[in-house]
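Below are some notes for a colleague who is opening this structure for the first time.

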Amino acid sequence: MTASSPVTCPGCGAEVAAHDAFCEACGHTLTPTETAAGQQTEEVPITLSRSVRGTLTTDADAVVSAARPCASCGGEVGADGYCLTCGVKAPRERDHYTESPSSWVAACCDRGIRHHRNEDATAVASDSEPGSRAVLVVCDGVSTSLDSDIASLAAARAARDVLVAQQASGLGVPASQVAALAKSLEAAAAQANAAVVDADDTEPDDTMHDNPPSCTFTAVVIQDGLVVHGNVGDSRAYWIPDQGGPAEPVMLTRDDSVAQERIAAGVSREEAESGPQAHAITKWLGRDSPDFVPTTGSVRLEGSGWVLACSDGLWNYVSEAADLQKLIAELSATSADPLPLAEALVAWACEQGGKDNVSVALARHTEDSPESTGPAGPDDATQGGGA
Amino acid sequence: MAAQFTAKVYQNEFLPDGGTDINAIVTVDCVGAGEAGSSGGGAGEIIIVDTSGSMGSANMESAKVAASAAVDQILDGTSFAIVAGTHQAYQAYPITGYAGMVAMDANTRAQAHRAISQFRADGGTAMGAWLTLAGIIFDTVPALSQKHAILLTDGENRNETPQQLDAAIASVTGKFQCDCRGVGVDWVVPEVRRISQALLGSLDIIPAASQMQQVFAELMQQSMGRGVADAQLRVWSPQGAEVQFVRQVAPTVEDLTGRRIAVNPLTGGYPTGSWGDESRDYHVGVRLAAKDVGQEQLAARVQIAIGEEVVAQGLVKAKWSDDDELTTRINPEVAHYTGQTELAEAIQEGLAAKAAGDDATATTKLGRAVQLAKETGNEEATTRLKKVVDIDNEETGTVRLKRSVDKADEMALDTASTKTTRIKGGSSS
């Protein structure tokens, strides 16, 4: 350990580590002053698109880095963002990107087919040792609000950084570990919310001021077979064990959506998710958010499989966990690499119509000896968070 | 200040599944053009006056006044010359015995006035010879970057075959621009239109000799206000696509499609001549290979180039969609100018049919013109059409040919057929 003087929590005075994002004793949010060793993640360079307001002096689509050759014909891409030979629009980096921090964790985030901007965002991180520790974050920008593409990416990265900085304690009984991670998810949601509010550069007299940037939040921390998840809105986390294993596939999160409220009232999932206002969310991050405390939960993984976080751009086409398990079995038949699978799931969603932006974040969990006892399932002990 | 060009695109970029044809209106604005010759190289002006016998003494006197008025508008320092035309062409000024131009100053202006006063109406009409001589005179000052002429005629081109006239036009196309005016009713509109269109100039009738002075002064003034010597419209289209047409649609309809000069394999250049502070609209049609729903691509880059420098660009896009609400939307600017282009054709074809004695076709075409003028809000065209046809129903285009028509009114309808109005309350300004 370094010889620096101990840092204390401003809330309760307990000693905390410099990289802690919240106080383990009272839950007070802290600003980490250093990053946990070995967990600094390399930022994917992404050029953000900006909404252009007021006088349109330049083509908004022209803001593009044009160094890469045309993806369609290999020709030169012009300064206006289109190929000089075939005219195909060069994708902006923000429109499609992947993350691959280790051999067992990856994410793919894509504009989809119908939307003209990618307002989804992913941010993932992991230790290199498979199964040891990973963070998956998905934020889905609300497309009716301004600059949601900027807000969602800022939120996802802020949340990831909080969760990465939160050092695994490795102490105590599993229940206290879950509680600690649930607390860190709340801190992550709070930081993500702050990032979304910061992304709002509208003035009170701006006509767009009543429509501030906003997004969903879903984060998963995987730690030695323990998964703790939290969500605000309708981006989801699933545990999809490999087919033939002891465990059943399960949707871990519960949407904050009108559809979910209807399901709770007895309407079938299929009907609720295709009904009116199916995609209206009841909780979100942003300046106008009434409540951004995530609903948290946990599960202990048994057998080998995939922990998946995704936006509705994917689950619109494959909502049931069992269907997702079949799909993943088909798409990952030849390999257990997370990046090809994430890309394949995104491509599959686009083939289904790609009506929304699509985000998929994956962590591979491997257990060589599936001699487990009892079925795995969501543990709702901490559901509701600590608000 | 150097001239500033801007380009704005009006289009519906959405194509249905399998759709291939994209239409766009591109409005090009120029501000800060400055005076003629200000872009370097200098400006040259030649005034070509019909001095054939048909002018008679009254028209001749008016033409002298008009030519002198034009001379008065030429800015000092501008190279100029005056051509008198009959069945032959004479360099009336400078009186040097050989082809040449002089710089305008107080002295040369006074000499030019005296030379003009010597005009006498005599002989025939050979406009091809006049244009050829103007070309030779401009060639004596190769440094000129901006070359413009005004041509006045009063009669049919009797002393040359149409082939001779065409050859003469072809030999000077691209050398100088020429605005053409016909005085009275004895000249032939389509004949003179061939000159004005090829030489990127305007065409109009001067019904009464007394109006000549004002018309000439204004024409020269306008030319002196064109500080951008030459600009080229460029249309890039993607590999495998076909540019179906390129038209100027405002202030007048001019089909530029056939004037394409290859800039590179994917880009065609179209001459637009000199520019003052003004706005012109272009209609571009491109046929693409259909792409999948959800795909987006560029259908055309529409550019303005001065020399080799592209100074403004508008992007014409194509996006394939299965949303009928988007794909069936008709862009108002495109619809407006499609109608105006058809209006010009209907008037010209109707008048040609009428001249050939085919009253049935004339009635149908002019009826359609009445309908289009109404639909596109071209009130000037409606007013002119009313002098040639009696309108029973504007909406359906039901008309009857008037029994007696003032020839000047019919010619005015013809010369003005290509003049367009801009969309009402629309975004093109």
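1. Over all chains, the structure holds 35 salt bridges. A salt bridge here is a side-chain nitrogen of Lys or Arg within 4 Å of a carboxyl oxygen of Asp or Glu. The model is predicted: local features need pLDDT of at least 70, side-chain atom pairs count only at pLDDT 80 or more, and totals for chains, interfaces and linings use all residues. Residues are numbered from 1 along each chain as its sequence is written, chains are lettered from A and ligands numbered from 1 in the order in which they are written, and side-chain values use heavy atoms, with hydrogens and water left out.

2. In chain A, A:R117 and A:E119 form a salt bridge whose closest N and O atoms are 2.6 Å apart. A:R117 is buried at 18% relative accessible area, and A:E119 is buried at 4%. Buried means under 20% relative accessible area, exposed over 50%, and partly exposed in between (1.4 Å probe, protein chains only).

3. A:D255 pairs with A:R236 in a salt bridge, with 2.7 Å between the closest N and O atoms. A:D255 sits in the loop between β11 (250-251) and α3 (258-264), and A:R236 in strand β10 (residues 236-241), so the pair ties together parts 19 residues apart in sequence. Helices (H or I, at least four residues) and strands (E, at least two) are DSSP runs, numbered from the N terminus. Both A:D255 and A:R236 are buried.

4. A:R364 and A:D242 also form a salt bridge, at 2.5 Å between the closest N and O atoms. This pair links distant parts of the chain, 122 residues apart: A:R364 is in strand β15 (residues 358-365) and A:D242 in the loop between β10 and β11. A:R364 is buried at 13% relative accessibility, whereas A:D242 is partly exposed at 27%. Salt bridges with shared partners join A:R236, A:D255, A:R269 and A:E273 into one network.

5. How much area is buried between chain A and chain B? The figure is about 1200 Å², and carbon and sulfur atoms give 44% of it. Buried area is the accessible area (1.4 Å probe) that two parts lose on being put together, summed over both. On the side of chain A, A:D80, A:Y82 and A:T85 lose the most area to chain B, together 34% of what that side buries.

6. Three salt bridges are found across the interface of chain A and chain B. The side chains of A:K89 and B:E296 meet in a salt bridge at 3.4 Å, N to O.
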